[in-house]
Amino acid sequence: MESVLSRLSKIQRAETVTGVPLVSGSFPPGEHDRVWRALRAEHSRTGLWPVLGSTAHGAAECSYAWTSVGPQGAELLALTRRIDPAERMALIVRSVWEDCVKGMEPTDPFYLEFEADFDPVRVAAAVGDLGETPARNSGGADWVYPPTDVLLVPAAAGHEVLALVPAEIIAIINNWSGGPSHPDLEYMDHILVLQHWERRWGAQLYGRVEGRLELAVERPPSDPLSAAVCAIEQSAYCYDLAQTLGDVHKVASRQAPASRWTFWWD
């Protein structure tokens, strides 16, 4: 059976500093979704996870630069296995809550506003019926598209790619701060958040282009309460969504129920 890879141009092969073999190819502008979905469909046979927006040479080069930052490859994957992804997601949300209300009294109007924004029941009530949902959010950032390269990484799932090839999220470190529970968003957190969303919503690593992380979502939330829970998580993980989409209610109505999620850090 002919692979989609054989029909791509500008084939590159490289290896990361930890020995992960990489291959990439190019395709005409506008073909990115078709190419990604075709390669994703081959994953069960090839074991290669497709990521739009990167080349093998570029990713391998970044893996060498990463040696001064922290662990990668199998070592980093082993470290993430010690942590429950859902628990880490809850910790991130709690930490952002702490940071938002630090120094405030519970009677402070801003405290009460934040309290409402972190309560999924109240967010769901404010959002109401989800109505028609676009295939992808309408938060903009199309200026970096269309990607014309796809990287293939030997990985069982998208979150593993972030450990095996840290170049895939290297541009996203990191404009984020939290409270005492978890003051800084660690690189490992990106892996655990994606794993949590893989399990809960079927979110899959789709592409990483110029600091923007994009996920394809198989089972996005379909009711207001689930969308609210998801939006609170997304807004805590990437509060620059406030710039591209708006507050947590906008995230709940415009991105959480969509089949494509986009995250951008300023």
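A: The crossing of H5 and H6 is right-handed, meaning that the near helix is turned clockwise from the far one by less than a right angle; helices here are DSSP runs (H or I, at least four residues) numbered from the N terminus. This is a predicted model, in which local features need pLDDT of at least 70 and side-chain atom pairs count only at pLDDT 80 or more, while totals for chains, interfaces and linings use all residues. Residues are numbered from 1 along each chain as its sequence is written, and side-chain values use heavy atoms, without hydrogens or water.

H5 (residues 85–101) and H6 (residues 109–117) pack at about 165°, their axes 10 Å apart, the axes being lines fitted to C-alpha atoms over the stretch in contact and the angles running from 0 to 180 degrees between N-to-C directions. H5 is therefore roughly antiparallel to H6 (over 145 degrees; under 35 is roughly parallel, 65 to 115 roughly perpendicular and the rest oblique). From H5, Trp97, Cys100 and Val101 make the contact with Tyr111, Phe114 and Glu115 of H6, where contact means heavy atoms within 4.5 Å. By class, this contact of H5 with H6 has five nonpolar residues, no polar and one charged (nonpolar: Ala, Val, Leu, Ile, Met, Phe, Trp, Tyr, Cys and Pro; charged: Asp, Glu, Lys and Arg; polar: the others, Gly among them).

A pocket is an open set of points on a 1 Å grid where a 1.4 Å probe fits, with protein on both sides within 12 Å along at least five of seven lines, and lining residues have an atom within 4 Å of a point; the volume is the space filled by probe spheres set on the points. Of the 17 lining residues, Asp117, Phe118, Ser235, Tyr239 and Val248 lie nearest the centre of the largest pocket, and its lining divides into 11 nonpolar, three polar and three charged residues.

H10 also packs against H7 (residues 120–127), the two axes coming within 8 Å and crossing at roughly 120°, so that H7 and H10 are oblique to each other; their crossing is right-handed. Here Pro120, Val121, Val123 and Ala124 of H7 meet Pro224, Leu225, Ala228, Val229 and Ile232 of H10, and this contact of H7 with H10 comprises nine nonpolar residues, with no polar and no charged ones.

Terms used:
Helix = DSSP H or I, 4+ residues; strand = E, 2+ residues; numbered from the N terminus.
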